[in-house]
Amino acid sequence: YLSKPHELNPEIMDLREICDSMQTLMGFDLEHKGTRLQTELNIEQVYADPDGIKQVLLNLLVNSLDAVPDATGTISIVAEGTEHGVWISVCDNGPGMPEDIRKHALEPFFTDKPKGTGLGLAIVNTIMRGHNGRVTISAPDLPGPLDGTCVMLFFPAPRDEGSE
């Protein structure tokens, strides 16, 4: 994804199906750590590349799972629509991300994890740029719904080019 990003082919995707597939994919790991995955979908669809959005959410869920406390971890996926597109936030009740880490978090090979590669968030950023979207990581003074880290993804609405 970083060296040779594949071409994205966005389409209208069902957010509930995407979240269900993430629950299935991460189910064992969530259960093993005693972590709850909750969803709050205030919009049902997003215009995104199917593989791209799954890769982005998987990377963020793995990061959140690493951060949350055992037995009391909570991760939420929240989707909100605007006239310009869809915001999908992945938030957790982990310790949060300090500003010095947050500033560099999207850079390739930057990590504060002992066994991290520093590629997860860099891949997320690359995929989101490919969607002409963006990634925002919450600051501790702008807490998300769970007071840990909240990574917000913006997927722009499809452009109407008059072909339909």
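**Helix packing and a buried strand residue**

Author: In this predicted model, the axes of helix α1 (residues 15-33) and helix α2 (residues 50-67) come within 11 Å and cross at roughly 25°.

Reader: Is α1 roughly parallel, antiparallel or perpendicular to α2?
Author: The axes of the two helices cross at roughly 25°. Angles under 35 degrees count as roughly parallel. Therefore α1 and α2 are roughly parallel.

Reader: Which class of residue does the contact of α1 with α2 have, and how many of each?
Author: On the α1 side the contact includes Ile18, Met22, Leu25 and Asp29, and on the α2 side Ile53, Leu57, Leu61 and Asp66 are among the residues. Sorted by class, the residues in the contact of α1 with α2 are four charged, one polar and eleven nonpolar.

Reader: Where does α1 bend?
Author: The buried residues of α1 include Met22, Met26 and Leu30. The buried residues of α1 pack against α2 and also against strands, including β1 (11-14) and β2 (36-41). The bend in α1 is about 65°, and its place is Met26.

Reader: Is Leu41 buried or exposed?
Author: Leu41 belongs to strand β2. Leaving aside residues up to four places away in sequence, Leu41 touches Leu15, Arg16, Cys19, Ile77 and Ala79. Its relative accessibility is 17%, and the cut-off for buried is under 20%, so Leu41 counts as buried.

Reader: What separates the C-alpha atoms of Leu41 and Ile88?
Author: Leu41 and Ile88 are 47 residues apart along the chain. The separation of their C-alpha atoms is 8.8 Å.

Notes. Residues numbered from 1 in each chain as written. Predicted model: local features only at pLDDT ≥ 70, side-chain atom pairs only at ≥ 80, totals over all residues. Heavy atoms only, no water. Axes fitted to C-alpha atoms, helices over the stretch in contact; angles between N-to-C directions. Helix = DSSP H or I, 4+ residues; strand = E, 2+ residues; numbered from the N terminus. Parallel < 35°, antiparallel > 145°, perpendicular 65-115°, else oblique. Contact = heavy atoms within 4.5 Å. Nonpolar A, V, L, I, M, F, W, Y, C, P; charged D, E, K, R; others polar. Bend = angle between axes of the 7 residues up to and from the residue. Buried < 20%, exposed > 50% of the residue type's maximum accessible area, 1.4 Å probe, protein only.
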